Amino acid sequence: MRDVFFTFLMALGGSLAVAVAGLLVLRGPLRGRSVTAHIVVLLLVTVVSVLAGILGASMAMFISDHDLQVLLIVVGTAATVSLAVGLWAGRHLARASMWATEAREREREAEARRRELVAWVSHDLRTPLAGLRAMTEALEDGVVADPATVADYHHRISAETERMASLVDDLFELSRINAGALRLTLSDVPLGDVVSDAIASATPLAEAAGISLVAGSDGWPTVRGSVPELSRVVNNLVRNAIRYTPPDGTIVITGGQDAAGGWLAVSDTCGGIPEADLPRVFDVAFRGTPARTPARDAGGGLGLAIVRGLVEAHHGEVAVDNVNSGCRFVVHLPAVA
């Protein structure tokens, strides 16, 4: 019985020495390191603890050198397999942990954007609704009676209603994009036709603002896309340029094809966008800063966010840069195979 107790103490002493050393390593040099490193060290501590216990016990046991060698081979083989499995599992867990962390970050960012959007929409709808309520009550109560003022109220109510309807449409489109509910009907689309329709639609607005619209006459590519969504992209870019271009300014629309596919560019003379704002131009509810030419209509702040969502849904890219006295939006789209 005394020999058994002595053997137990020898094995316990060797195992505890390795365990304490491993704990110090985990709490010291490995603090904050990867999951893989922690798992490998834990496995090493386990295997070396067993090995230390065996060596300690062998000093109290009268086993032959041959038996000790066989035992060490068995333990070494098991240790090798355990370390290989632990290394694989550690890398797998590290990737899963990193993905989970990134997913939580994305969720927090998405939640922050949702709260910002709700607050922004509430603010943008409250002001016109208050005006509509006041004008409607004035008309109902007979406070406004002369025909000219009544006609002006009717015109302003119609304009505010149209603006709010456009805002709701933009919100619906953006929600479809963000929810992944957008379904594209792809076909071969001549980009020149889409640009021509957009210019025809925006010309009255540009003429009223004293702005010239100029489009290239040739070089338009044929791209793979959905006509309604591409029309929305071009219209939003052109109207955004009109909104921020001062009177007597010029908007130039060009297109072409390169190795990456078809491209479309809308250049204006808005005075440029501050460099610090360029990465935020396509964010929801971003309307620019006072450094940019004041807009005649602040807009909903969703047009460029919708552009980015629709372009990315086509597996394309959109970017903006300052050029000369304005800025240039460039859309790249997949070309027809």
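Reply: Contact here means heavy atoms within 4.5 Å. The model is predicted. Leaving aside neighbours within four places in sequence, Ile253 is in contact with Val195, Ile199, Val214, Ala215, Gly216, Trp220, Val238, Leu264, Ala265 and Val266.

Me: Which residue stands opposite Ile253 in β5?

Reply: Val266 stands opposite Ile253 in β5, and Val266 is also among the contacts of Ile253.

Me: What makes β5 and β7 a pair?

Reply: The requirement is again at least two bridges. Strand β5 (residues 261-267) and strand β7 (residues 326-333) are joined over six bridges, in the antiparallel sense, and therefore pair. Leu264 stands opposite Val331 in β7, and the bridge partner of Trp263 in β7 is His332.

Me: Why are β2 and β6 said to stand at the edges of the sheet?

Reply: The open sheet has five strands in the order β2-β4-β5-β7-β6, with mixed pairing. β2 (212-215) and β6 (317-323) each have a single partner strand, so one side of each is left without a neighbour in the sheet. From one strand to the next, the twist averages 15°.

Me: How do you know that β5 is mostly covered?

Reply: A residue counts as buried under 20% relative accessible area. Seven of the seven residues of β5 are buried, and the strand is described as mostly covered. Across the chain of 337 residues, buried residues make up 34%.

Me: Why is Pro221 called buried?

Reply: Its relative accessibility is 3%, and the limit is under 20%, so Pro221 counts as buried. Pro221 is placed in the loop between β2 and β3 (222-225). Not counting residues up to four places away in sequence, Pro221 touches Val189, Pro190, Leu191, Gly192, Gly255, Gly256, Gln257, Gly262 and Trp263. The C-alpha atoms of Pro221 and Leu191 are separated by 5.9 Å, although these residues are 30 apart along the chain.

Me: Which residues make the contact of α5 with α6, and how do they divide into nonpolar, polar and charged?

Reply: The axes of helix α5 (residues 191-208) and α6 come within 9 Å and cross at roughly 30°; the crossing is right-handed. From α5 the contact uses Val194, Val195, Ala198, Ser201, Ala202, Leu205 and Ala206, and from α6 Leu230, Ser231, Val234, Asn235, Val238, Arg239 and Ile242. These residues divide into ten nonpolar, three polar and one charged. Arg is classed as charged, so Arg239 is the charged member.

Me: Which residues touch the most other members of the largest nonpolar core?

Reply: Of its 48 residues, Leu237, Ile253, Val281, Val320 and Phe329 touch the most other members. The largest share of this core, eight residues, comes from α6. A second, separate core of eight residues includes Met135, Ala138, Val144 and Val150.

Notes. Residues numbered from 1 in each chain as written. Predicted model: local features only at pLDDT ≥ 70, side-chain atom pairs only at ≥ 80, totals over all residues. Heavy atoms only, no water. Helix = DSSP H or I, 4+ residues; strand = E, 2+ residues; numbered from the N terminus. Axes fitted to C-alpha atoms, helices over the stretch in contact; angles between N-to-C directions. Left-handed = near helix turned anticlockwise from the far one by under 90°. Core = buried A, V, L, I, M, F, W, Y, C linked by side-chain atoms within 4.5 Å. Buried < 20%, exposed > 50% of the residue type's maximum accessible area, 1.4 Å probe, protein only.
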